[in-house]
Amino acid sequence: MASTIDTTGVRIGMWIFLYSEIILFGGLFVLYAVYLYEYPELFAQGGKELNRIIGSLNTVVLLVSSCTVAASITAIQRGKKGQAMACLAFSIFCGLVFVVNKYFEWGAKIDHDIYPNSATLQDGEPGLNIFFGLYYVITGLHGLHVIIGMVLLSVSLVLVHHGRITASRYAVLENSGLYWHLVDLIWIFVFPLFYLVL
Amino acid sequence: MESSEEHRHIVGYGQLAVVLALLLTLTGVTVAVSYVDLGFLNVPVALTIATLKAALVLLFFMHLRYEGPIIRYSFITTVVFLAIMIGFTFWDVAFR
């Protein structure tokens, strides 16, 4: 008995999961919105401590990786296995660049005694404490999603390599791509909220 | 008799490149604007540009432009829910 895979249904299911992720980060943005209202100058001050150049670089890296993930889907739709694999590998590399940048950013902050429950934050202004608390939680949760996305893209890469993802059957790649685009979408909002609110 | 070929719209490399160019341009604009002091307007301007960028990613990279009504309307519903969740909470706090 041949089973027909309901690719549309599979894709709708993925979108519904993405909605739950959007609401997850949305909840954190609610916190940000309320405390931005409470402490506008201190949020601006906190923002100045973050490096706009590294933030912009991370934004560019994720945007490019989103493009290459979309390109990998185009490639597989056209039956171009090699191109699809190259695009996926590059996207995964972009994710790695992002995570490494994040490591340097956090490292620099931690070196300056700015981390959750640090003395500088505890003894300083509450507004700054909240700003950096939100910074660590939101970018941390986002970073976790970047890593999960990289895992999904890697799985897709292996499946393409083994011919399990083809032009007529690419739902796994498509859904991994959607997850990666979501990661990019979230960062598109995180970037101005933390780095550009000056 | 369903066909598994309904979702066959292929977004060409050229189109993807144009969208990426637009996204990078908008990123440049938002960073440049952040160096100009517009007072309280800095936040809405930055968020508007972010929304434009998000729309481009959603419509073209995520194929939302080519999806059917179920995905389209469920997505819009999610955005409306989010707007209410953030907007009304902010509104409540602002008028206490």
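Predicted model: local features only at pLDDT ≥ 70, side-chain atom pairs only at ≥ 80, totals over all residues.
Residues are numbered from 1 along each chain as its sequence is written, while chains are lettered from A and ligands numbered from 1 in the order in which they are written.

Colleague: How many helices and strands does chain A have?

Modeller: Helices (H or I, at least four residues) and strands (E, at least two) are DSSP runs, numbered from the N terminus. Along the sequence the pattern reads α-α-α-α-α-α-α. The count for chain A is 7 helices and 0 strands.

Colleague: What share of the 198 residues in chain A is buried?

Modeller: Buried means that 20 or more other C-beta atoms, placed from the backbone, lie within 10 Å of the residue's own. The C-alpha atoms of chain A fill a box of roughly 65 × 30 × 25 Å along the principal axes. The buried share is 40%.

Colleague: Which helix gives the largest share of the side of chain B that touches chain A?

Modeller: Contact means C-beta atoms, placed from the backbone, within 7 Å. Chain B and chain A bring 38 residues each. On chain B, α1 (13-34), α2 (42-61) and α3 (69-94) each supply at least two residues. The largest share, 12 residues, comes from α3(B).

Colleague: How far apart are the C-alpha centres of domain 1 and domain 2 of chain B?

Modeller: The bounds come from an automatic or database domain assignment. Domain 1 covers 13-62 and domain 2 covers 68-96. Their C-alpha centres lie apart by 21 Å.

Key
Buried ≥ 20, exposed ≤ 12 C-beta atoms within 10 Å, placed from the backbone. Contact = placed C-beta atoms within 7 Å.
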